[in-house]
Amino acid sequence: MTPDWHGQALVIVPTYNEKENITRLVEQIRALAGDVHVLVVDDNSPDGTGDLVDDLTAADAGIHVLHRAGKLGLGTAYKAGFAFGLARHYQFLCTMDADFSHSPESLPALLSKASAGYDLVVGSRYVPGGAVEGWPTSRKILSSGANLLAHLVLGVSIRDCTAGFRCYQRHVLEAIDLDAIFSSGYSFLMEMAFHVQQAGFHCGEVPITFVNRTEGSSKISESEIYKAFYTLVRLRTRALPWDWVLAKLRRQKQETIG
Ligand SMILES: Nc1nc2c(ncn2[C@@H]2O[C@H](COP(=O)(O)OP(=O)(O)OP(=O)(O)O)[C@@H](O)[C@H]2O)c(=O)[nH]1
Ligand SMILES: [Mg+2]
């Protein structure tokens with residue numbers, strides 16, 4: 001059976017030094033049913049990731065690449081990817097990491113839920129059925145703590161709001177003012193989740209098993225922790241209480257209707 005998203009989905013994969021992973025990942029996404037396209041946003045990786053992707057694009061019109069001048073941050077890579085997808089025909093814009101922490105096999109579940117009417121679907125470690133494999137306890141505490149704070153401080157109800165495995169419907173990205181998203185790095189994910197919920201969009205999660213990377217090295221730095229705290233404080237102090245109440249009422253109304 002032809003999936004609902006046939007020819008309409010783009011998976012944005014930001015990369016920085018992922019030569020051990022990128023070819024296999026892109027091939028696995030392209031092997032999925034539904035002619036799912038891929039856009040790699042590479043920040044001039046010193047290890048030659050961008051050159052590998054150039055070779056792939058030459059052989060398959062469903063593979064695209066954006067070469068940026070240098071390491072400009074994960075958040076701005078997503079924004080560049082969204083601009084690319086919105087300028088074309090795609091209805092479903094997904095994001096995922098290059099390091100196989102997010103399995104291409106889970107993409108159909110995200111796309112299927114988005115096709116069923118969810119505006120944003122997150123591949124989630126923290127809903128029943130979700131799991132994390134291979135992380136040290138310190139990393140688990142950090143991730144759970146960031147999600148708990150986002151819930152308590154910002155009222156974000158998505159359980160895994162720091163996850164980069166997502167599927168946005170096109171109209172969500174058209175409605176959100178992406179230029180107004182302040183975070184350029186990993187905090188972008190939390191900030192986007194906050195704005196998407198504030199705008200009253202219908203968000204869902206599907207359980208995934210997040211597997212720690214086995215190839216290549218981590219790009220996340222300690223400074224991202226401080227930036228995440230700053231993002232929490234900034235969003236909380238700027239968001240007026242009545243905005244929050246209105247968004248909550250809108251969400252409740254949507255749930256009642258639909
Ligand atoms: N284009 C671009 N991609 C980036 C940048 N920083 C990270 N990435 C990519 O974003 C994805 C997530 O980065 P990771 O280093 O895996 O971060 P993480 O998953 O939080 O941490 P580990 O799994 O421990 O490595 C990977 O595909 C990276 O290659 C960046 O500045 N620019
Ligand atoms: Mg990773």
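This is a predicted model: local features need pLDDT of at least 70, side-chain atom pairs count only at pLDDT 80 or more; totals for chains, interfaces and linings use all residues.
Me: Which residues come nearest to ligand 1?
Reply: Pro14, Ala77, Ala98, Ser218 and Lys219, out of 20 around ligand 1. Here a residue counts if its C-beta atom, placed from the backbone, lies within 6 Å of the ligand.

Me: New topic. Is H7 buried or exposed?
Reply: Buried. In helix H7 (residues 188-198), 11 of the 11 residues are buried, so it is largely enclosed by the rest of the structure. Buried means 20 or more other C-beta atoms, placed from the backbone, within 10 Å of the residue's own. Helices are DSSP runs (H or I, at least four residues), numbered from the N terminus.

Me: And what follows H7?
Reply: Gly200, with a positive phi near 90°.

Me: How many residues are in the largest nonpolar core?
Reply: 65, with Val11 and Cys94 having the most contacts inside it. H7 gives the largest share of this core, 7 residues. Such a core is a set of buried Ala, Val, Leu, Ile, Met, Phe, Trp, Tyr and Cys residues joined through C-beta atoms within 7 Å.

Me: At what angle do H5 and H8 pack?
Reply: About 10°, with their axes 10 Å apart. That makes H5 roughly parallel to H8, a label for angles under 35 degrees. Axes are lines fitted to C-alpha atoms over the stretch in contact, and angles run from 0 to 180 degrees between N-to-C directions.

Definitions and conventions
Residues are numbered from 1 along each chain as its sequence is written. Chains are lettered from A and ligands numbered from 1 in the order in which they are written. A residue is buried if 20 or more other C-beta atoms lie within 10 Å of its own, exposed if 12 or fewer, and partly exposed in between; C-beta atoms are placed from the backbone. Helices (H or I, at least four residues) and strands (E, at least two) are DSSP runs, numbered from the N terminus. Angles under 35 degrees count as roughly parallel, over 145 as roughly antiparallel, 65 to 115 as roughly perpendicular and the rest as oblique.
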